[in-house]
Amino acid sequence: MLQTLKDLFDQLTAPPAGQSPAEQDHALQLATAVLLVEVMRAEPTLAASERATVLTALRGKFTLTDDELERLLELAHDAAHTAYDYQRFTSQLNDRFTQEQKIRVVEAMWQVAYADAHLDAHENHVISKVAGLLH
């Protein structure tokens, strides 16, 4: 499973039609994780409470073991660090998630933002931008 996530990360730019259903599921997991990590990265300091909230949100959304969650979070950090926009991640969610599922992702982003009991302006901006891209 972990190798599959790594392979998926390496092939994020591959067309979705060429992906197996398992690869598409992994792409959705990674896209969701990246958006949550982007909220966490919006502040200069990475709070442990925000990291724990990201893991809790991912655990509630996807059926993954703790090791898989840690690896997914690591891949999400790498992808977020090299990402130049949110479009490639939000487009995957728009293609496969219902409106209700997209709302839950945005709600999880707000939970991450408020996990340290402080809303930073950059966190607000990231969430607002992503919410707009998710329609």
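**Loops, core and a helix crossing**

Student: Where is A117 found?

Tutor: In this predicted model, A117 is found in the loop between α6 and α7, where helices (H or I, at least four residues) and strands (E, at least two) are DSSP runs numbered from the N terminus. Numbering starts from 1 along each chain as its sequence is written, and side-chain values use heavy atoms, with hydrogens and water left out. Local features need pLDDT of at least 70 and side-chain atom pairs count only at 80 or more, while totals for chains, interfaces and linings use all residues.

Student: OK, and what is the phi of A117?

Tutor: The phi of A117 is near 65°, which is a positive value in a residue other than glycine.

Student: Is A117 buried or exposed?

Tutor: A117 is exposed, with a relative accessible area of 72%; buried means under 20%, exposed over 50% and partly exposed in between, using a 1.4 Å probe and protein chains only.

Student: Stepping back, how many helices and strands does the chain have?

Tutor: The protein chain has seven helices and zero strands, and 43% of its 135 residues count as buried.

Student: Which residues touch the most others in the largest nonpolar core?

Tutor: Among its 38 residues, L36, L58, L93 and M109 touch the most other members, a core being buried Ala, Val, Leu, Ile, Met, Phe, Trp, Tyr and Cys residues joined through side-chain atoms within 4.5 Å. At least two core residues come from each of α2 (21-41), α3 (48-61), α4 (66-82), α5 (87-96), α6 (99-114) and α7 (121-133), and α2 gives the most, with ten residues.

Student: What does L58 touch?

Tutor: Leaving aside neighbours within four places in sequence, L58 is in contact (heavy atoms within 4.5 Å) with T32, A33, L36, L69 and L72.

Student: New topic: how do α2 and α5 cross?

Tutor: Their axes, lines fitted to C-alpha atoms over the stretch in contact with angles from 0 to 180 degrees between N-to-C directions, come within 9 Å and cross at roughly 125°. The contact is made by Q24, D25, A27, L28, A31, T32, V34 and L35 of α2 and by F89, T90, Q92, L93 and R96 of α5.

Student: So what do we call α2 and α5 at that angle?

Tutor: They are oblique to each other, since angles under 35 degrees count as roughly parallel, over 145 as roughly antiparallel, 65 to 115 as roughly perpendicular and the rest as oblique.
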